[in-house]
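The structure comes before the details.

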Amino acid sequence: MKFGALIWSNLIRKKIRLLLTLGSFAMALFLFAFLAVVRDAFNRGGDVAAANRLVTINRVSIIQPIPLSYRDKILRIPGVQRVTYDNWFGGVYQEEKNFFPQFVIDPQNQRQVFSELVVPDDQWSAFLKDRQGAIAGAGTAKRFGWKIGDRIPIKTTIYGGGAWEFNLDGIYHGITPQHDETQFWFQWDYFEERVPERFKGQVGWYTVKLDSPDDAVRVAKVIDDQFANSPYETKTETESAFAASWVKQFGNIEFLILVIGGVVFFTLLLVTGNTMAISVRERTGELAILKAIGFKDGSILFLVLAEALAIALFGGLLGLALALVAIPAFSAYLSGTLPTLILSKSMLAAGLGFALVVGATSGLLPGIGAMRLRVVEAFRKV
């Protein structure tokens with residue numbers, strides 16, 4: 001008899017148990033994939049951050065402003081190539097659930113500092129000529145069905161309230177799928193002319209582009225020393241460090257994901273191991289017959305491990321297939337709340353490897369027990 005036919009017949013012996021075990025693997029792999037993409041989403045800011053960029057914020061908090069007049073002083077520091085500035089707008093489109101990040105930008109330097117976010121030349125030229133112009137990320141434009149030329153109303157409660165009207169002059173794309181395509185940019189001059197007087201001449205943060213990443217520590221220190229003991233002291237750090245500190249505000253996401261993943265692994269191992277142990281115990285007489293007719297110990301071990309790996313493989317593929325369908329839909333639903341959730345090929349491979357490791361581990365002890373089974377003692381138990 002071929003091993004394949006024997007393995008298949010053992011697998012479908014208890015169909016309900018097989019389906020429940022496959023379901024356990026599928027749900028565990030779906031959860032594994034979901035945790036992996038959430039972890040990637042929170043860490044992506046540091047992963048895609050440019051090594052030659054610094055972020056300067058108010059030392060007290062990022063929600064505290066710093067003067068626009070700091071720009072020229074920072075630009076005079078040796079090693080600084082360009083400086084741009086941004087403000088958080090915090091508006092909503094149509095209703096509260098339609099959230100996405102909106103930034104007031106410095107149109108003269110934004111494109112050069114953030115060169116990984118690409119806007120076609122003709123669209124950027126139209127944006128520069130339009131005081132009410134705006135640039136939207138491809139993800140946000142797709143989410144709301146926007147196209148070039150649309151009139152976009154954004155309501156704000158921070159800067160005097162009311163709705164601000166924008167003309168969509170361009171759509172930017174990231175050079176890789178990992179780059180953020182959810183932002184909405186508009187002109188600094190339009191912002192300055194509409195906000196109350198107390199907000200004028202103040203920025204949320206500066207982004208500093210350096211000649212060389214090697215200058216990062218020195219330039220950061222010079223910037224902060226220059227504004228020390230002023231009413232608006234600054235805190236300057238690399239873009240990757242800034243992204244990491246931003247993620248920490250949500251708590252220790254990394255630790256939480258590792259704990260949940262560990263619990264999933266341990267629970268799945270117990271469930272699958274128990275299933276395989278029961279299966280082997282139910283077939284004690286059959287295994288004894290196989291050994292009596294000449295099956296070697298290694299063949300018996302192989303049969304048990306093959307069954308466990310087959311369950312792990314099919315259950316894992318089912319869970320990853322579910323993740324491939326569900327995660328993009330979930331990402332679209334959460335657009336603007338979390339960065340885009342990207343299920344990469346490496347995550348799929350890691351998930352399948354995780355399933356196979358669990359399958360092999362859960363089948364190992366029952367397989368060793370079956371391999372060591374003594375024929376005479378086995379028949380006495382039957």
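## Terms and model

A residue is called buried when its relative accessible area is under 20%, exposed when that area is over 50%, and partly exposed in between, using a 1.4 Å probe and protein chains only. By this scale Arg-218, at 38% relative accessibility, counts as partly exposed.

The model is predicted: local features need pLDDT of at least 70, side-chain atom pairs count only at pLDDT 80 or more, and totals for chains, interfaces and linings use all residues. Residues are numbered from 1 along each chain as its sequence is written, and side-chain values use heavy atoms, with hydrogens and water left out.

## Helix α13

Helices (H or I, at least four residues) and strands (E, at least two) are DSSP runs, numbered from the N terminus. Helix α13 covers residues 345–371. The expected span of a helix is 1.5 Å times one less than its number of residues.

At Leu-364, α13 bends by about 35 degrees, and the proline Pro-366 follows within four residues. The bend at a residue is the angle between axes fitted to the seven residues ending there and the seven starting there. Buried residues of α13 include Met-347, Phe-354, Val-358 and Pro-366.

## Helix α5

In helix α5 (residues 121–129), the residues Gln-123, Trp-124 and Phe-127 are buried. Seen down the axis, the buried residues of α5 fall within an arc of 100 degrees, so they line one face of the helix. The arc is that of the directions from the helix axis to the C-beta atoms. On the face turned away from this buried side, α5 carries the exposed residues Asp-121, Asp-122 and Lys-129.

Contact means heavy atoms within 4.5 Å. What covers the buried residues of α5 includes β4 (102–105), α4 (110–113) and β8 (163–174).

## Salt bridges

A salt bridge is a side-chain nitrogen of Lys or Arg within 4 Å of a carboxyl oxygen of Asp or Glu. The structure holds nine of these salt bridges. One joins the side chains of Arg-151 and Glu-165 at 3.4 Å, N to O. Arg-151 lies in strand β7 (residues 151–155) and Glu-165 in strand β8, so the pair ties together parts that are 14 residues apart in sequence.

Another salt bridge links Asp-215 and Arg-218, with the closest N and O atoms 3.7 Å apart. Asp-225 and Lys-221 also meet in a salt bridge, at 2.8 Å, N to O. Both lie in helix α8 (residues 216–226), four residues apart, about one turn of the helix.
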